[in-house]
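Colleague: I have a model open and want to go through some of its local geometry. Can you take my questions as they come?

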Amino acid sequence: MTRWTLPALLGLGTCLPALAMANPDSLREEFIEVLAAIEKGENPPRSEALQRYSLAPYLDAAAVRRLIARNNPEADQAWPAFRAAHPQHVENRDLAREWWRSLVRRQAWAQVWAEVPADVSFTDLQCQRLRAGLETGQDPAVLVPQIQAAFKTGRSMPDACDRPFEWLQARGGRPDALVIERFELALAGNEFGLSRFLLRQLPDQRRDPYAQRLALRSAPASAIPALLDAPPSPLPWDDLISGWNRWAAADINAAQRMAPRLAELDGLSDGQRAAVWNAVGLRLSWRRDEAALDAFRRAGFGSDDDRVHEWRVRAALWAGAFEQADRWLAVFPDALAAEPRWRYWRARVTEKLQGLAAARGDYQRLLTANNVYALLAAERLDVAMLPQPQPGAPPNPAVQTAFDQDPAIARMRELHALDLRPRFNLEWFAFFAGRDMPTYDQLSQFAFAQGWWVNGVASSTAARIFDDFVRLYPRPYDALVARAAADSGLPAPLIYGLIRQESLYEPRARSHANAYGLMQLLLPTARGVAQRHDLPRPDVEALYQPARNVALGSRYLAERFKRFDGQWMPAIASYNAGAGAVDRWLPDTPKDADIWMENVPYNETRNYIGKLLWHQAVYAWLGSGEAQRAGVAMRPVVRPGAR
């Protein structure tokens, strides 16, 4: 076994000036090899060039992390030495947390108490620090209030908290009032298991009112009818309406039958009666059931819930009840009414009730915006529309040069080239934080020039630059997209728009659902497409290759169009939500495309459809310079075969 000295371990024996890389590929290869060896627990030699390399501190950090992970006491010297040598290193926060947990695993309680800060944000470490206080005999006058503060949370706590909480109870520092305070927090957070546990900590004679409140929230299908048979005074309204919403979501048919009885309960205010009916109306509208209109009407006009305002209008549009939609739009909150979405629907309803001439001015005012509602308004006016670009400031050569020469940028370039994305992201966020808006604008332009697309968009957003289309709609994959368009029969602007929406042009994007690459394909989906089209069977790494991903993704999208009889909106919706969900949303008789889109019950998918329609229009305009129309996307939507 090799015995490491601390300077050798950390590469800190010499202080070498940075040099330009004579052979960047060979140096990167050496870095990856040495990093992999360190992560295995080895101590490989480092060339002089590697010691000068901008990423050399990451090797030192990996060596420290390895010691920490193996609970090696040498970490107690290695970590402070690394921190002193690299006080601004982006991995320091993570290394500190890992070291604290190593101290806990080694039961080095004196160090835990001394090193872990009292305001540590990680719950397990918070409780381990308190345990360290017990193990090292700290003053109870100090520990009791700290453990009480940790106890007062509505979340379930890790096992590390058991010892401090048991000690607190044994000392009499956990009175019923403290248990009830935590019960209230847990109940409000719908942490029902914790609520039941806390209820058992109370004396029998104190449990009943709290038990009923818990039952109303956690088992409303039985608790609410029982409450109606013997209403308490006062009514536990917050618990009742929470349980009612849960019941309506789980079994809307049963809730719909119970609603008249609940709404007539003595002691309810008008607003509370409305909340009962609005809960029913929301769930019915989400499944496009026209009975939602009756529930919303019973609730009356008032509501402080934006969802109610939005969904009762959607329900009226779906049912063709435009006069009712008009009345509900008239009582929209000002902020909601000012949104482009609802300005469009205000005009759309006006057109339906009074004719196009009455709505023309409202439609024309929407044309100056850059969003899907400008495109939809143009369609109602039977005209094409031009995006209205609003570029940011031009590149400032001095600022761009300063970025280019910054050591953090040099590290980011290397990390990006090596595909070490988590480390790249740490460097980026440290560099990004705390800038002013003009700097974010310049940083966006710099990031786009590097091909760091996601970071460029993030910087533009921070700078409030949303409509610089040349910058924000790059075309780095022109040849691939053109080939995919020819092979799939889809418009190239649509393929580019989908790439933008799914991955922001990042070829190695990966979602939490394990969708990969530019067009965010699940591996089973990609393999099915490959099989159907006689293409090579992909693995995950293949889906990170732009050519393979775009070829498969575009063909999959073309299959979505075929699956839904060429209908644009259902095809696009199914790419996001899946074909099964879209099947549930399709009507048996044709619906106007905009009304169908507005009634998609998934917020993400509804917005996704609109964004794709807009992205496609922008890309088509960038390619042709011509005004755009929504065109085939506005084809009425109907279940295939039901026309």
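Modeller: What follows covers helix packing, a covalent link and some backbone details, all from a predicted model.

Colleague: Start with helix α19. At what angle do α19 and α20 pack?

Modeller: Helix α19 (residues 306–319) packs against α20 at about 165°, and the two axes are 8 Å apart. Angles over 145 degrees count as roughly antiparallel, so that is the term for α19 and α20. Their crossing is left-handed.

Colleague: Which residues make that contact?

Modeller: From α19 there are R312, V313, A316 and L317, and from α20 there are F322, Q324, A325, W328 and L329. By class, the contact of α19 with α20 has 7 nonpolar residues, 1 polar and 1 charged.

Colleague: And α20 with α22, how far apart are the axes there?

Modeller: The axes of α20 (residues 322–329) and α22 (residues 340–354) are 10 Å apart, with an angle of about 140°. The pair is therefore oblique. The crossing of α20 and α22 is left-handed.

Colleague: Who is in contact on each side?

Modeller: On the α20 side it is F322, E323, A325, D326 and L329. On the α22 side it is W342, W345, R346, V349, K352 and L353. The contact of α20 with α22 divides into 7 nonpolar and 4 charged residues, with no polar ones.

Colleague: New topic. How many disulfides does a search of the whole structure find?

Modeller: The search finds 1 disulfide. It joins C127 to C161, with an S to S distance of 1.9 Å. The link of C127 and C161 is right-handed, with 85° about the S-S bond.

Colleague: Where do the two cysteines sit?

Modeller: C127 is in helix α8 (residues 123–135), and C161 is in the loop between α9 (140–151) and α10 (162–170). The two are 34 residues apart, and the pair links distant parts of the chain.

Colleague: What about D94, where is that?

Modeller: D94 is in helix α6 (residues 92–105). The side chains of D94 and R97 are joined by a polar contact of 3.2 Å. Beyond its neighbours within four places in sequence, D94 is in contact with R65 and L426.

Colleague: Last one, the backbone. Which peptide bond is cis?

Modeller: The bond from S233 to P234 is cis, with omega near 0°. P234 lies in the loop between α14 (220–229) and α15 (237–250).

Colleague: And what phi do L504 and Y505 have?

Modeller: Both are positive without being glycine: about 50° for L504, and about 70° for Y505. L504 is in the loop between α32 (492–503) and β1 (515–516), and Y505 is in the loop between α32 and β1 as well. For background, most residues other than glycine have a negative phi, and most peptide bonds are trans.

Definitions and conventions. Residues numbered from 1 in each chain as written. Predicted model: local features only at pLDDT ≥ 70, side-chain atom pairs only at ≥ 80, totals over all residues. Heavy atoms only, no water. Axes fitted to C-alpha atoms, helices over the stretch in contact; angles between N-to-C directions. Helix = DSSP H or I, 4+ residues; strand = E, 2+ residues; numbered from the N terminus. Parallel < 35°, antiparallel > 145°, perpendicular 65-115°, else oblique. Left-handed = near helix turned anticlockwise from the far one by under 90°. Contact = heavy atoms within 4.5 Å. Nonpolar A, V, L, I, M, F, W, Y, C, P; charged D, E, K, R; others polar. Polar contact = N/O pair within 3.5 Å; in protein donor to acceptor, adjacent residues only side chain to side chain. Disulfide = S-S within 2.5 Å.
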